[in-house]
Amino acid sequence: MAAEPAFEIPSRPSRRYPGPGGLEYEGGTRFGLDPVASPDRSLQALVESVLDDGPYRYGDFLELPMPLYLVRDDETTDVFRVAIRDGVVWLHVLPETQSGGLRAFYDRLSERSAVEWSVSREEVE
């Protein structure tokens, strides 16, 4: 059995406010959850089923060409972004995100799907 991912966060993004009502993040860490085999349904439907069953509050970001959600885990109180792009579920760390919330999301996603997941970590510039 493969080692479980630790979701260690080596760097966090900083917030930048470029103008009235604007918010941007610079730097940080993101985790890629890549299904080893094709899931039995679309990644968006799978992610939304995990979010709908809770303990999450979430919202879809604007009208973008990819699903992007701002997620709050009511059990861990962690807030992070979830994006789906090119067949990978991306967990974007925000300044106060802790590993526990990311781990809980991964566990729920793994339990909900019948596939194994490869987890990668990237530092964002």
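1. Phe7 is buried, at a relative accessible area of 2% (buried means under 20%, exposed over 50%, partly exposed in between, with a 1.4 Å probe and protein chains only). Phe7 sits in the segment before β1. Its phi is positive, about 55°, although Phe7 is not a glycine. Strands here are DSSP runs of E with at least two residues, helices are runs of H or I with at least four, and both are numbered from the N terminus.

2. Basis of these notes. This is a predicted model, where local features need pLDDT of at least 70, side-chain atom pairs count only at pLDDT 80 or more, and totals for chains, interfaces and linings use all residues. Residues are numbered from 1 along each chain as its sequence is written, and side-chain values use heavy atoms, with hydrogens and water left out.

3. Thr77 also deserves a backbone check. Its phi is near 65°, a positive value in a residue other than glycine. Thr77 lies in the loop between β5 and β6. At 48% relative accessibility, Thr77 is partly exposed.

4. The end of α1 comes next. Just after α1, Gly54 has a positive phi of about 80°. The peptide bond from Gly54 to Pro55 is cis, with omega near 15°. Pro55 belongs to the loop between α1 and β4 (56-60).

5. Now the helix pair. Helix α1 (residues 43-53) packs on helix α2 (residues 99-112) at about 115°, with the axes 10 Å apart. Axes are lines fitted to C-alpha atoms over the stretch in contact, and angles run from 0 to 180 degrees between N-to-C directions. From α1, the contact (heavy atoms within 4.5 Å) uses Leu46, Val47, Ser49, Val50, Leu51 and Asp53. From α2, it uses Phe105, Arg108, Leu109 and Arg112. By class, this contact has 6 nonpolar, 1 polar and 3 charged residues. Nonpolar covers Ala, Val, Leu, Ile, Met, Phe, Trp, Tyr, Cys and Pro; charged covers Asp, Glu, Lys and Arg; the others, Gly among them, are polar.

6. Burial in α1: Leu43, Leu46, Val47, Ser49, Val50 and Leu51 are buried.

7. The largest nonpolar core has 24 residues. Such a core is a set of buried Ala, Val, Leu, Ile, Met, Phe, Trp, Tyr and Cys residues joined through side-chain atoms within 4.5 Å. Leu33, Val47, Val82, Val89, Leu91, Phe105 and Trp117 touch the most other members. β3 (29-35), α1, β5 (68-73), β6 (79-85), β7 (88-93) and α2 each supply at least two residues. The largest share, 5 residues, comes from α1. Leaving out residues up to four places away in sequence, Phe105 touches Leu33, Val47, Val50, Leu51, Tyr56, Phe80, Val82, Val89 and Leu91.

8. Thr97 is in the loop between β7 and α2. Thr97 counts as buried because its relative accessibility is 0%. Its side chain reaches the backbone oxygen of Val79 at 2.5 Å. Beyond four places in sequence, Thr97 touches residues including Ile9, Arg12 and Leu102.

9. Arg15 is in strand β1 (residues 14-16). Arg15 is partly exposed, at 36% relative accessible area. A polar contact of 3.1 Å joins the side chains of Arg15 and Glu96 (a pair of N or O atoms within 3.5 Å; within protein, one must be able to donate a hydrogen and the other to accept it, and residues adjacent in sequence count only if both atoms are side-chain atoms).
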